Each structure stands twice: as structure tokens, then as C-alpha cells.
Amino acid sequence: MPRTLIKDGTVVTATDTRRADVLVIDEVVVAVGHELGEGDSVIDASGRLVIPGGIDVHTHMERRSEHSDNFASGTAAAAWGGTTTIVDMATQDFGESLRQGLDRWMAFADGNAHIDYGFHMIIRDVNDDVLAEMDNLVDAGVSSFKLFMADSGGRYMVDDGGIFKAMSRASDNGALIMMHAENGGVIDVLIQEAVARGQFAPRFHATTRPDSMEAEAVTRAIALADLAGIAVYIVHLSSAPALEVIREARDRGVGAYAETCPHYLFLSEEDLARPGFDGAKYVCSPPLRPIPHQAHLWSGLRGDDLQVISTDHCPFHFGNEKSKGKDSFAAIPNGLPGVEDRLSLIWDGGVATGEISANRFVELVSTAPARLFGLHPRKGTIAPGSDADIVVFNPDATRVLSAANQHMNIDYSLYEGRTVRGVPEVVMQRGKVLVQNGKLLARPGDGRFLERRRSGL
Ligand code: URP
Ligand code: ZN
Ligand code: ZN
């Protein structure tokens, strides 16, 4: 069995930082320490950090036919960026079973994924059969379900009764419910009113989805979950008032968890107001917020009121898909690219600026997602017995984020021209090197489906 020695690096986990070598035999970490013997191959990590591979628990590969990334391109981009596992949003269509939707996503990924992957299931249509099916999916390793309290560029919204039924089922089968928390009813009215006033520009996407309606929905989601006897995980939390609701619930001892995304930490409402139609590049839901929200989100990340940073990678080409909204913001597809840039952005804007420690960085981008979504300790750490998903990370090297050099299949960069510090130089999954010396060595099909356990909340 092949032995790989990662030598002379600084191993950073969520809890420890220490100079050590890492011995990998075949697909797993066997030892972390010194004098671990010879390796068939040796990776020199001197002057580098050795961190667990990134885990991005919120991506949308192949969400729609016109969606730019598929499993092949999106997971290659993830590997370039130091992410070795994604949990993607398989989606139920109306009239079909959850299993049919899941099988479609399994087929998308099978033989195409460069990195390991699991699935959440988006439930669009709650009925008795679907509720019963949730149990089967949990048993099959799909142990989390996303529901929407608003539409997000399509018909997704489920009413409170449907949400409560799904939550009650989850309290029996142990699934984790993930919530898109915005008040869809009010937002629809605000959109109609804005359009009637002739307010068509991309910036009206933000004014019609106010932060108060995010906070209201988070409050309601937590109340419904509490009544059903479960914890709830709020996806893509964007604003200070919504965070305040989470904080207050957690202080009361209620099971409320949330993620935020790099775009809410580094971009703002001002990007939606860029000249001409350029703001369309920044349309996602919940929308980008005014700059002062960012400091609140960093404080939530430091204090563990926000537990995860995921990307909500959901890219649409500017040249065609986003342009469908030229005449009205209401027709701009919702979603942003991000899977490739997460580690560098968070290192640069989080660790290098002193917002968070290196250990907290590892926790937010890898360990906590693994724990919350039933993958730990196989994933999310570097310890004997864990999968050898390892990134040799250069904290001082820089790279320029640009459409010209990214690997995501998308015709723009949200951060065009921005220089970030922190570059994944070697990316390994289960002992196999995926990226090294600026080359992608991973192949489609290298990634495997991960059956996840119930959440380790
Ligand atoms: O705008 C967004 N976030 N698009 C992706 C779908 C979702 O709501 O997560
Ligand atoms: Zn959502
Ligand atoms: Zn999403």
C-alpha cells in the first residue's frame, strides 16, 4: 500500500497547531508526529500549513439545464480551491418522488465528480408520500433536507404547514432541516409593487427583500422547529437582524444553527448598484446587504453563533442567463459562483486581517461542516483513521481572482482583480494528489458518493 509522508509542515486543525509530519497509507491518515519512517513519496510542506480539505456543504451543481457548472467542472474548480468534499443540493421536481430527484443527481455526479460528494434533498412538494420517503433517504445517507420559506428564482416556497410537517418527520427520523429563511409572501408583494413603479434595475432585488423579512423568517423557522422538537440550520444567513435572532435563540438554549457565505462577508448592496446591468452579476437570495452587516457576521463567526462558511455556489453566466433579467430584476436568476474561492477569501479577509484564528478558519470551512452533516471524524480533521483529505496551504502566497484564470465555468468573477493571500498548493483526497504544481491531477470519477450519518449536532 502506498505510503506518503507530508513533511515539515505546521498541522492546523480546529483545536491544535503544531509542527509535525503526516503519514498517509493508502487512503487514510495513519500518524501525525515525528520520525514516522520513510514514504514512497514525500511532500515537502516546510513553511506551509497542513490543513484538512475544505468541506463545502452548500453547492448547486447542475441545478438547471442553463446552469453553468456541472459536476465535472464544478468539482474540479472546488479541488483547485482546496475543497475536497461538497454536499450538493439534489432537487425534487413537482410531481416526482424524492428518490427520483435524488437519482437524477446521483446520475449527474456518477463518473463526473473530481472530489467526494454527498447530497441534501430540496423538498419542493410536501405530501404524505414525500414525508414517508424522508425516512428512506436518511437511511440511504441523505440525512438533511432543505426547505424554502420564499421562492428563489423559481417555485420553491413551502407554506408553514408543510414546513412543520417535514420538521415533525425529522424529529422522528433524525434528519437535519435546512431553511431558506425569507418571508416569501411579503417579498412577492414588494416585488410586484416595485415593478409597478417601474423599478427594474438589479438594485431593487435588495430593496424588495429587506433584512427585516429575513429576521422574521428566521424567527418563524426557529419557532416551528422548536414546536416540532428539532434544531434548525439556517442557510446563507446574510444580515445583522437575522443573526441577532439566532444569537438570542442560542442564548435561550434553543437549537439554532446557521451558515453564512463569503459574498455576504466581502460584497455589499453597492455591488448590486454597479453601473448599467453589471449589478445582475451580484443577484442572489437573500440579497447582498449594506457594508455594516459584514462586521456583525464576523462577530457571529468568532462567537460561534454562525458555525459554518459555505459558498451556496450557484453560478449563471452573465452573458446569457443573468441577461434574461435585462428588462426587470425579477427575472434575473438568483445565485452566485464561489466554490473555488472560499478558502483563499476567508484566509485573506478573515485570518490575515485578524478577524478569526487559523484554527477557527479550519473549524468554519471543514470541521464544523463535517460534524453538523454527519461526516466527522472521517472528514474534517487530520487524525489517525481519518480520510487523507489534506491541503498544503501557503498562507503567504497570493493569487489574483479573475474570470481569466478561474476554473469555475462562469464568464465573470465576483472579485475581478482582487489579490488574496493564502493559496492551496497541494490538494489531496484519500491519499491521491488532486492538485500539485499548478496542475489538476484529479480525474472525473475520482470523487465518491458519501453516505452521511445523522447530524452530530
Ligand atoms: O440565490 C441563491 N441563493 N440561489 C441558490 C438557491 C438558494 O436559495 O440557495
Ligand atoms: Zn436558499
Ligand atoms: Zn443554495
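These legends describe close-up views of a predicted model. Local features need pLDDT of at least 70 and side-chain atom pairs pLDDT 80 or more, while totals for chains, interfaces and linings use all residues. Residues are numbered from 1 along each chain as its sequence is written, chains are lettered from A and ligands numbered from 1 in the order in which they are written, and side-chain values use heavy atoms, with hydrogens and water left out.

**View 1. Zinc ion (ligand 2) and its donors.** K146 (NZ), H180 (ND1) and H236 (NE2) coordinate the zinc ion (ligand 2) at 2.1 Å. Donors are N, O and S atoms within 2.8 Å of the metal (3.2 Å for Na, K and Ca); water is not among the atoms, so sites may look incomplete. Along the chain, the donors of this ion follow the spacing K-x33-H-x55-H. K146 belongs to strand β9 (residues 144-148) and H180 to strand β10 (residues 176-180), so the pair ties together parts 34 residues apart in sequence. Helices (H or I, at least four residues) and strands (E, at least two) are DSSP runs, numbered from the N terminus. Both K146 and H180 are buried. Buried means under 20% relative accessible area, exposed over 50%, and partly exposed in between (1.4 Å probe, protein chains only). The zinc ion (ligand 3) sits 4.1 Å from the zinc ion (ligand 2).

**View 2. The nonpolar cores.** The largest nonpolar core has 111 residues; F145, M167, M179, I234 and F361 touch the most other members. Such a core is a set of buried Ala, Val, Leu, Ile, Met, Phe, Trp, Tyr and Cys residues joined through side-chain atoms within 4.5 Å. Helix α7 (residues 211-228) gives the largest share of this core, 8 residues. Another core lies apart from it, with 20 residues, among them I55, I122, L375 and L450.

**View 3. Surroundings of M179.** Neighbours within four places in sequence are left aside here. M179 is in contact with L147, M149, I163, M167, A221, V232, Y233, I234 and V235. Contact means heavy atoms within 4.5 Å.

View 4. The structure holds 2 cavities of 30 Å³ or more. On a 1 Å grid over the protein atoms alone, a cavity is a set of points where a 1.4 Å probe fits but cannot get out; lining residues have an atom within 4 Å of a point. Grid points are joined across faces, edges and corners, and the volume is the space filled by probe spheres set on the points. The lining consists of P262, H263, T311, P337, G338, D341, R342, L345, L414 and Y415. Helices α9 (262-266) and α12 (342-351) each supply at least two of the lining residues. By class, the lining divides into 5 nonpolar, 3 polar and 2 charged residues. Ala, Val, Leu, Ile, Met, Phe, Trp, Tyr, Cys and Pro count as nonpolar, Asp, Glu, Lys and Arg as charged, and the others, Gly among them, as polar.

**View 5. Helix α1 and its cover.** In helix α1 (residues 71-80), 9 of the 10 residues are buried, so the helix is largely enclosed by the rest of the structure. The buried residues are F71, S73, G74, T75, A76, A77, A78, A79 and W80. Their cover includes β7 (83-91), α2 (98-109), β8 (116-122), β15 (418-429), β16 and β17.

**View 6. Two cis peptide bonds.** The bond from S285 to P286 is cis, with omega near -10 degrees. P286 lies in the loop between α10 (269-272) and α11 (292-302). H376 and P377 are also joined by a cis peptide bond, with omega about 5 degrees. P377 is in the loop between α13 (358-372) and β14 (390-401).

View 7. D304 has phi near 70 degrees, a positive value in a residue other than glycine. Its place is the loop between α11 and β13. D304 counts as partly exposed, at 31% relative accessibility. N437 has phi near 50 degrees, again positive in a residue other than glycine. N437 lies in the loop between β16 (432-436) and β17 (439-440). With a relative accessible area of 68%, N437 is exposed.

**View 8. The loop residue S239.** S239 lies between β11 (232-234) and α8 (240-251), in a loop. Its relative accessible area is 0%, so S239 is buried. Leaving aside neighbours within four places in sequence, S239 is in contact with D211, E214, R289, H293 and L297.

Key: 1 Å grid on protein atoms, 1.4 Å probe; cavity = no way out; pocket = protein on both sides within 12 Å on 5 of 7 lines; lining within 4 Å.
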